[in-house]
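User: I'd like to learn how to read a few features of a model. Could you take me through them one at a time?

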Amino acid sequence: MRYHLTTFGCQMNEHDSERIKGLLESKGWSEGASRDDADLILFNTCTIRGSADQRFLGNLGDAKRVKRERPDVVVAVGGCWAQSQREQVFSEFPFVDIAFGPAEIARLGELVARERLEAVGAFSFDGAFSGGLPSKRERAHQAWVQISTGCNCVCAYCIVPSVRGRERSRPAGDVIEEVARLASDGVREVTLLGQNVNSYGRDTAREERWTFAELLRRAAGVDGIERVRYTSPHPKDMRADVIAAMAEEPAVCEHLHLPAQSGSTRVLKAMRRTYSRERYLELVDRLRAAIPDLSLTTDLIVGFPGETDAEFAETLSLIERCQYDGAYTFLYSPRPGTEAADRLEDDVPAEVKRERIAALVEEVQRVASQRATRFVGSTREVLVEGPSRTDPTRMRGRLRQNITVNFAGDAEPGDLVDVEIDSATSTTLAGRLAPAAVAA
Ligand code: 5AD
Ligand code: SF4
């Protein structure tokens, strides 16, 4: 009994896929090398932009071929695309046997068993949090920890609230218990995950409420956990207590992914982001003042309906002003059912969108390369992840600032080592293991 799973989309999906694998393996399935080799073909899908749908549909075509050759194969489609296409999945793709939304992962065992006419093993479980399910971790020393699900924001372009539902916070005790369990299992770095992590707890009764800042501090205090990250925060919910926790807790890393989306107040308002350019910049200044050597990354959308040249120029100027270490840049993609797609005309010509994104990417790379040089000549703590992807004689790891380092020297995955950095590109650093410090 072999399965094959392909994952698309964000870190929440990567997390969920580790749970899908853990759940299947707990029921006796093992991972097959390819779809041709599998009795169960699964997809964990994304639908954030039209391009995500296209990438998935290409892969689904391959599953159709396998199903034609071997009709006994079970094809299961989960995640956000499956959720958004609820009604049409089976009529448009009749070779699909199972469709399940992000909140239904716990039921997957049951759905698969029913499809294969096997006895159904019961799984009593709160389906909303896949975080409580068995997991097959892809990385031995790093783990995702889900703290909330869903999103209450109303960003005009975004499909996520309609596919992932209202925000729900996972009980704080469960989160900390999972972090402690991971630590005792050898994990040294955890990333707290949610669609909007820093509104954590607001849906919980006041008497038992923990704020995100409290949760962050408690996670950072767990014995054996050396590094804590979190993603993604919304700028509107970034309070002083979170900044203080980042500044004060030694385990909380000096890296923040803070999606700006646009640098224009007019566009931000149309996007319903609820902050202005000025408020975003003030926040960045407060973060930089509190956390020296903070690495800041962001998400930016170009070509939102009505975006003028001047408004785009305000997004472009954000890069230099905020000194980002990196940014993900996206072409606006109208998603049916969202406010922007239903009420605003997608009026920025494709060619203009392409010109804008090219200029943006170039600027992001220029600033990131300049920023990366600040590490050259210094010795930094690196969490070792494995051999370098390009040169197996070297090792690969990551700085607290979340930047990848390839280095020469002996080290094992999971080690925290000091590396002398001697060169930099916009995305990676290179160096060598620092000579061992002599004990005093
Ligand atoms: N078009 C383009 N980019 C989008 N994003 C979300 N929805 C859209 C859309 N409709 C981007 C945002 C978000 C990231 C995950 O994807 O920048 O932060
Ligand atoms: Fe894609 Fe958004 Fe779903 Fe993540 S939450 S898989 S980015 S649609």
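User: Where does S232 lie?

Analyst: Helices (H or I, at least four residues) and strands (E, at least two) are DSSP runs, numbered from the N terminus. Here S232 sits in the loop between strand 10 (227-231) and helix 9 (240-248). The peptide bond leading from T231 to S232 is cis, with omega near -10°. Keep in mind that this is a predicted model, where local features need pLDDT of at least 70, side-chain atom pairs count only at pLDDT 80 or more, and totals for chains, interfaces and linings use all residues. Residues are numbered from 1 along each chain as written, chains are lettered from A and ligands numbered from 1 in the order written, and side-chain values use heavy atoms, with hydrogens and water left out.

User: Is S262 buried or exposed?

Analyst: Buried means under 20% relative accessible area, exposed over 50%, and partly exposed in between (1.4 Å probe, protein chains only). S262 has 2% relative accessibility, so it counts as buried. This serine is in the loop between strand 11 (255-257) and helix 10 (265-270).

User: What does the side chain of S262 make a polar contact with?

Analyst: A polar contact is a pair of N or O atoms within 3.5 Å; within protein, one must be able to donate a hydrogen and the other to accept it, and residues adjacent in sequence count only if both atoms are side-chain atoms. For S262, the partner is the side chain of T315, at 3.5 Å. Plain contact means heavy atoms within 4.5 Å. Leaving aside neighbours within four places in sequence, S262 has contacts that include V267, M271 and L318.

User: Which residues touch the most other members of the largest nonpolar core?

Analyst: A nonpolar core is a set of buried Ala, Val, Leu, Ile, Met, Phe, Trp, Tyr and Cys residues joined through side-chain atoms within 4.5 Å. The largest one has 55 residues, and L216 and Y230 touch the most other members. Not counting residues up to four places away in sequence, L216 touches L192, V228, Y230, V242, A245, M246 and V252. Apart from that core lies another, of 20 residues, among them F8, A82, F93 and F95.

User: Which residues have a positive phi without being a glycine?

Analyst: One is D293, at about 65°, in the loop between helix 11 (277-290) and strand 12 (295-302). D293 counts as partly exposed because its relative accessibility is 29%. Another is N402, with a phi of about 70°, found between strand 15 (395-399) and strand 16 (404-408). N402 is partly exposed too, at 26%.
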